[in-house]
Each structure stands twice: as structure tokens, then as C-alpha cells.
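This report covers a two-chain complex and is meant to be read beside the sequence and the coordinates.

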Amino acid sequence: MSPACKRWLSLAICIAAANVVLADGGKVQLRREIGPYQVTIFTSPTPLRAGPIDLSVMVQNSAREIVQDVQIDFQLTSESGEILLQHASQATATNKLLQSAKLMLPESGVWQVHTTIVGEASADLDFEISAAEAHSDWTTAGWMLLLPVALVALFVMRERLVREN
Amino acid sequence: MNADFLSAISSSWQFSPSILFALVVSGWIYFRGWRSLRQRGSSRFPPWRLGAFFASLLTIFVALQSPLDALAPFSLQIHMVQHLLLMIVAPPLVWLAAPELPLLIGLPKWLRDEWIRPFARWRRLRLALAWIFRPQVAWIAFTATIWIWHAPYCYQLALESNFWHRVEHAMFLMASLLFWHPVMQPFPLRTTYSRWLLVPYLFLAGVQGTILSGILTFSHRVLYPHYAAAPNLWNITPLVDQSLAGAVMWIPTSLAYVIALFWIVAEQMSSGKAIAKRDGKYRSVTPAHRSPQPLGPRPSIWAPLLERRVVRLTLRWIMFTLAALIILDGLLGPQISALNLAGVAPWIHWRAILVISLIVGGNFFCAVCPFTVLRSVAKKFNLQYSFPKSLQNKWPSVALLALFFWAYEAFSLWDRPAWTALIVIGFFAVALLFDLLFVQAPFCKYVCPIGQFNFVQSLVSPSEVAVRSPDVCAGCRTRDCLAGNEQIAGCQLSLFVPKKQGNLDCTFCLDCADACPHQNITLVQLRPGVDLVSDAARSGVGRYSQRIDLAALIVVLLFAALLNAAWMTAPLVSLEETLTAAIGWGRLPIVTGGMLLGLLAAPFFLMQLLGKASLAMSAETADWRAPVMRFAPALIPLGLGMWLAHYSFHLFTSADSLLWATQRMANDHLATNFLIGGGVCSCCTAGSIAWLLPLELLFLDVGLCMSLWAAYRIAQREQPIPQIVLRTFAPWAIFLVIFFVACVWVLLQPMEMRGAYVAGL
């Protein structure tokens, strides 16, 4: 196999591996028995940062079957008193075993999360999440600057090779 | 397992655009190459090779995007299946497809010639790749990858972080491709070592696999804390799940190694006879009949659609109807821009779709322009005046574009539906008036600001209207494509297609194609950007390097791209408010001053500076305008990148505003139910949607690289001495990088959401 082909194949695989969507799932934040339910909550990204986040929930009954017909609401309260309300739904989840809520955490620090689950029975669940400082947009821009740098380097290399040949 | 579970799992397919894009593009390139090889009579690529390649892509898709990925966080066994698909199914299928030749031949020729060939000839790269693909290196890379990613810390990291999960999958796939390469020995690889060496290669791989599987199977504790905490879906304990995962790893991988081992041994035991037979099979084949390839450039993928006149006319009337709706709602609807079609359709959706269509295909808006719908009627009453010679250039459009950008800011046009409707009416009226008064189509060529924007940006489009075969045109004496005939007008912008090059002034109307009696004109593929660096004399346009009016148009559009986006950022809005309060004359003088400075004065002085710097660097004695005219086309890609980034921001943060406005309009006129709610405009920075800022920056990155490339090639075109090339190029490169940084800064600022729907209105 020629080097060129190997290079293109590797490039295609790297592109295939890239995915910029904030997926649901992620780290198991807690798993708890509440009333008739067993509730597992996942958070993404890991580590959790201010900015776009995902809170996903799996609700199971005592027979460990997944329960979908429940309404799940999150209320997040920051240390400074800011309150965020978000409804979780299966529609917003890529992984349909979960119900997912996409939120925009405006600040870092500890957030109190109050979860309300309403179905055949009702349950409330309180826990804390700790969000680190958000990635600066300049960090994203910095990473994205690598692309023109790499392409320019590749072009310079190509010009040299053409001259040498 | 309840019905909820089955329903949820069956709908848990993912369709990640990046993965789909990579798989579809790889498949398409392979198919093109495979088809070409078949047409050349190669019997080494029977249909099963194509099937193997597509099967490998399908396996990767299933591994990464199917419900397996949804179940993987809950069960180590399922996760293991996912990994095995990437490690022992997809890679052998890839190599069975012998992808080297098809992938190379499937690429565009210019890419092969200009980019692949120099690197393919690079000895150091060849040696490095040969070293990586050596069996011992491949074996170590494969084993190390498996063990590293099964270490508890790394595995846990991959389970918790999407980023590391993707890295893990990519490494598994790449290491496995390396591992299976010497075993499968894909054509045209010829090994220099004995194939017997693959016996210990596979045996030792089996041994290490057995040890790892054994650890997973017989461990007394859960190795990965994630699975201990994850929900239990099938009433099996995490330890049992782990043991079963070990077995899942053990049996199929061992089988794969054993089958490969038997195959190698059988092949070697049959000695040279079988191998000679296998090779001989290919040598004895007579090349198949190759179907004759049509001469001339390849047709664009848009050609079959747009070369039908009925399609173009239908689209034109649809655009006309949409324009009528915008006028109607702009004049009669509520003057709340976010809820009025005239507030959202032109300023959020149409602009974004326009620039996207320019980079995807070409000047499609002009092809279906609603303002020219009545042209054929108007021509019947045409007074046959000639458009004044002094105005037959781009200066009127430079002035009109500057006036438009000023008016847009000064009168907040995005927030005035009625004014927007009046502007659309104005377009119709002026277009009609020009068609009644003048011969040819001076409105499109010299006046229409939208047309000028499209002409300039379409210089980097991947399609152009061109002839299929130059020989046919050489024998043509009637020149119907230019002069027209009794049925069709021909090119009204005075472009003679055989001598036309690129897209400048071409409205893609394809009247030339309809008029051509030989059916020799169509939409063909154009290598994006190649027109920027060519200085050929073009029919109806001349040389770009001698058009100061064109250079001015390009420069104004470049700076307008930055200014138009910058004026909605918090720092500039704040500066405007501060100055307005300080001076006390209202907003108009500030906006006017800002526009004069940003669109005219600053570009003029900067271009003068760059022109003089270019001349000084090349020790050339000429007017400063000469290098500006030469290098101006190189500025287009960066400008287009900024337009694209800016308009994408509006489109992706406010796409649903069209729905609200349409519902509201329907409610007003048809008394349907309209319930406002659900839409929230919280997106005031590109960073508030995870993928939007990277996408915007990607557009800018590509624009910058293309601009730098074009500027360098223009410098090479003008200067034969390499040292002078670099010196001439340097000022433009510095300017492009500074402009790029300014664009990045603008994109990172909080944006004032203009005309977008905000909950609670």
C-alpha cells in the first residue's frame, strides 16, 4: 500500500472519529432508590464545566424495567442564587433509554439540583453538582487556529518537495 | 425486557454528521475508483471487493452509531461487541477491498497530481510508513493499544468522557488496521519477509488476547467502577457482566486468530503452486471493453437538475411567490421583525442559504432570481436604449453596495419589515424599468447589489457554465449562445461561453445552454478557487488584473463582511451608544461616519499601503493600484468565510423564527390557531451552541488558507524569482492574517440578536 493511500485512510478514520455534538450519558453522577423507582443520573461533559451541559436520567421500576412515562424536571440553583429550570425528555436524548435535559450553566461552582419525577408515583431527589470554569471561547479559537497552521505547514512542505523533485 | 425498553433501544440510532460525512465520502471515493478500474478492464476488482468495502463502512457505522452505542454505558459485554466490530470485523473487510488503488483513482485528478504525488514520492515519509506497517511494529502497536485502553483508569476515562471514548475507538480501529495489514496482504502489497513469520505473529496475538480475556473473565472484583454504578438492565450483577464480556472477547478474537492462522498455513503449505495460480488468474484476463468517456469537463452534479428549463422557471416563480409573501407581510403584518416574514425570511434565512448555495454549487440565486420573472414580458416593450458607456463597470454597484450597508445599519433594516418590503418592491420596479429601457441586462451586470455580491463570491464556487466540447464551438458560426435566436435571447450579459472562464458576471440562467443548437453548454465542475489565480482574458470581463472597479468591489465586500458582523457585537454597539450620547446628534452621524471609515476610507488607505509595500518588495515601478488589482481576487475566500460564519450564526440560532412568522401570518389571514411559545433566544454568543463556534471558525480557517494559497500563487504568477515571490506575497499574507484575527475577535464577542424571536414578545 502506498504512503499516500495510507495517509488518506488515516485521515478518513480521524474524521470519522470526530464528533462535536454534546452527547447524553457520560459520568454516573448518582444512583438512588426513591419510592418505587431506581433513578440514575448521568452528567456530561466530564469534567463538568460551566457552559452547555447535559443531565440525563434513567428511571427504572422495582423489576429493573425502564420507565418512560414519567415527567422529569430539574431545578438548578447556583451559589449566587441563580435558578435554572429545565424539563427532561426522551426527544432531546440521543440515547433513548435516557431522558435528557440540555442546559446552559452560566457560572461555575456548586449547583444544587432538585429533581422532580412524576409518574404513577412521585419522587423528589436532591443532589449537588460541581461545575468547573467554562472553557473560554478563546480556547476553542486557539484549537481551531491549529488547522490553518497545519495546512500552511503542509503547503510549505509540499512546495519544498515539488522543488526538490 | 418491557416494550418501553425495546422501543427506546430500537430508536437509539445516531446520525452524527461528521461520522456520516466521513463514511459517505470514503465510500463515494472508493466507488468512483473501483468503477474507473473496472472500466479500464481490471479484473482484480470484482464486485465483491466493492461489497467488502461497503461492508466495512457499514460495520463501522453499526459499531459507532447503532443502539450498541446506547447500551454500551450499561453493559461491558455490549461495549465489548462494539470494540470487536472495530477490531476484528471492519479492518479485515477494509483490506479485502484492497483500497489503495480505488481510493487513489477515486480522488479528483488535481488532488492526486498536486497533493498526493509529491508526498507519495517523499522518501522519508515512505520509509516512516513502511516502518509503521512492519509486522513487529504493528503487533506491538496493536497489543499496546488493547492493554492500555483496558487498564481501569483509561477505560473509566473513556466511559465518562465522550472525547476520550472517541479517541479510544479511533485507536482501536487504527491499531487493528495495522495489525491485519500483513495478514490480509492487500493488493498491491508484496512482502519481503516470509509469510511463515505470521504464524508466531498470530499465535502471540492470541496469547496476549487470552491473558486479557482471562483477567476479565476470572477477576473477583469489578474492574471498572462505572459499571458497578451503572443501571442494571438485565438483572445480572456487574461481576457476571464483566465475566461474560471476557468470554465475548475471548471466543471471537481467538477464532479470528485461528482462522487467519489456518489460512496462512494452508497457503504456505500449498507452496508456490496455489499462489501462482492465484496470481495467474489476474494476468490472463483480457481487459474488458471500456466505454468511451465523453470529452470535455465533467458535468456538475447540479447539471441534470438545472439544465432543465422547466425546473429553473418553476423555481423562479416559487421565488417570485415568496417575494410576494414577504412584501405582503412586510406591508400588512405587524411591525415586529421577529414575527414578520419580511423581518426573518430575507435577513436570517435567505442570506444564509444564499452563501451556502454559493459554496456548494454556484450563483443559484441569480439563476432563479424573482426580479427577472417579468423580463420576457418587458422585452416585448423594450425601448432599445443602450446603457451609458460610462456606467458600464462595477463602480455603480460599489456605490450601491456601500449605500446598502450604510442604510442597513443606519435604519436598522433588519428590524423594519415594511421597509424591507419596500426595498423588495424597489428591486422589482428598477429591474422592470431597466428591462423596459435598455438592451441586454444592465441591471444584473452593473446595478443589482445582490448580483454583484454573488458574482464576486461565486469566483470560488465549484461549478461554472461552460462548453462540453471546445471542438463543437470551433465549428459554430452562428454563436447562438451569445447572440440568441428567435426563441431564446442568448447571453444577455455579453459572455461568450467558449471564451468565458469562471463565474464573474454569470447569472447561471443557462439561457446560453437553451440557445445553443448543439446542446454543447451545461453546468460543469470547476476546481474551487482556480479562477482566482488565473489572469486569462475573459469574454465580457477581460483580465481581473486590469479591473480596478472589480478590485474595489472585492475590497468593499471584504470589509463589509467584517463590519456587518462587528456592528452587532456588544463592544461596537456600546461604542456607538457612547459616541451618540457624547456628541448628541443622534445615531445617524455616528453610523455614517463609521461606515465611511470602515467601508471606504480604511480599505482605501490599507490597499494603498499594501500596494506600495508590494511594489517596494518587488522593486517594481508602477502605480500602487497595479498590485491591488492583481491580488484582490485572493481576498475573496476570506471574505466569503466571514459572510458564511456570520450568516450561519443567524441561521442556526434563529432558524425556527421562520416557523413563528409563517404561523403568525397564517393566523392573520386564515384564522388558524397560533400559540406563541416554546422559542427561547438565549444564544447571544456563538459559544452557546456547542458546535457553532467551531463551525464558524472552520469557515474562517478554510477562507484564510484559500486566500493565502491564492495570494501565493498570484505572487508566483507575477514573479519568476522565488525570493521576490515571497517578498511580494508577504504584505498580503500579513494583511490576511490580521484581518482573520479581527474576524475571529468579532465572532467571539457577544452578539446583539437582531430580529430573532425572543420568548415573551
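The sections below go from the conventions to chain A, the interface and selected sites in chain B.

## Conventions

This is a predicted model, in which local features need pLDDT of at least 70 and side-chain atom pairs count only at pLDDT 80 or more, while totals for chains, interfaces and linings use all residues. Residues are numbered from 1 along each chain as its sequence is written, chains are lettered from A and ligands numbered from 1 in the order in which they are written, and side-chain values use heavy atoms, with hydrogens and water left out.

## Chain A

Chain A has two helices and eight strands, in the order α-β-β-β-β-β-β-β-β-α from the N terminus. Helices (H or I, at least four residues) and strands (E, at least two) are DSSP runs, numbered from the N terminus. Of its 165 residues, 45% count as buried; buried means under 20% relative accessible area, exposed over 50% and partly exposed in between, with a 1.4 Å probe and protein chains only. Among contacts in chain A with a separation of 6 or more, 53% are between residues 24 or more positions apart, where contact means heavy atoms within 4.5 Å.

A cis peptide bond with omega of about 5 degrees joins Ser44(A) and Pro45(A). Pro45(A) is in the loop between β2 (37-44) and β3 (51-60) of chain A.

## Strand β4 of chain A

The side chains of β4(A) (residues 71-78) alternate.

Two strands pair if DSSP finds at least two bridges between them. β4(A) runs antiparallel to β7(A) (residues 109-118), with eight bridges, and Asp73(A) stands opposite Thr116(A) there. β4(A) is also antiparallel to β5(A) (residues 83-88), with six bridges; Ile72(A) has Ala88(A) as its bridge partner in β5(A). Four residues separate β4(A) and β5(A) in a hairpin, and Gly81(A) in the turn has a positive phi of about 95 degrees.

## Interface between the chains

The contact involves 75 residues from chain B and 61 residues from chain A. About 6,200 Å² is buried between the chains, 71% of it from carbon and sulfur atoms; buried area is the accessible area (1.4 Å probe) that two parts lose on being put together, summed over both. Phe119(B), Glu160(B) and Arg166(B) supply 9% of the area that chain B buries against chain A, more than any other three residues.

One salt bridge is counted between the chains, a salt bridge being a side-chain nitrogen of Lys or Arg within 4 Å of a carboxyl oxygen of Asp or Glu. Glu159(A) and Arg713(B) meet in a salt bridge at 3.0 Å, N to O. Helix α35 (residues 692-718) of chain B gives the largest share of the side of chain B that touches chain A, 12 residues.

## Selected sites in chain B

Phe187(B) and Pro188(B) are joined by a cis peptide bond, with omega of about 10 degrees. Pro188(B) lies in the loop between α11 (162-184) and α12 (198-218) of chain B.

Two residues other than glycine have positive phi: Leu510(B), at about 60 degrees, and Ala619(B), near 55 degrees. Leu510(B), in the loop between α26 (480-483) and α27 (511-515) of chain B, is buried, with a relative accessible area of 2%. Ala619(B), in the loop between α31 (588-618) and α32 (625-631) of chain B, is exposed, at 69%.
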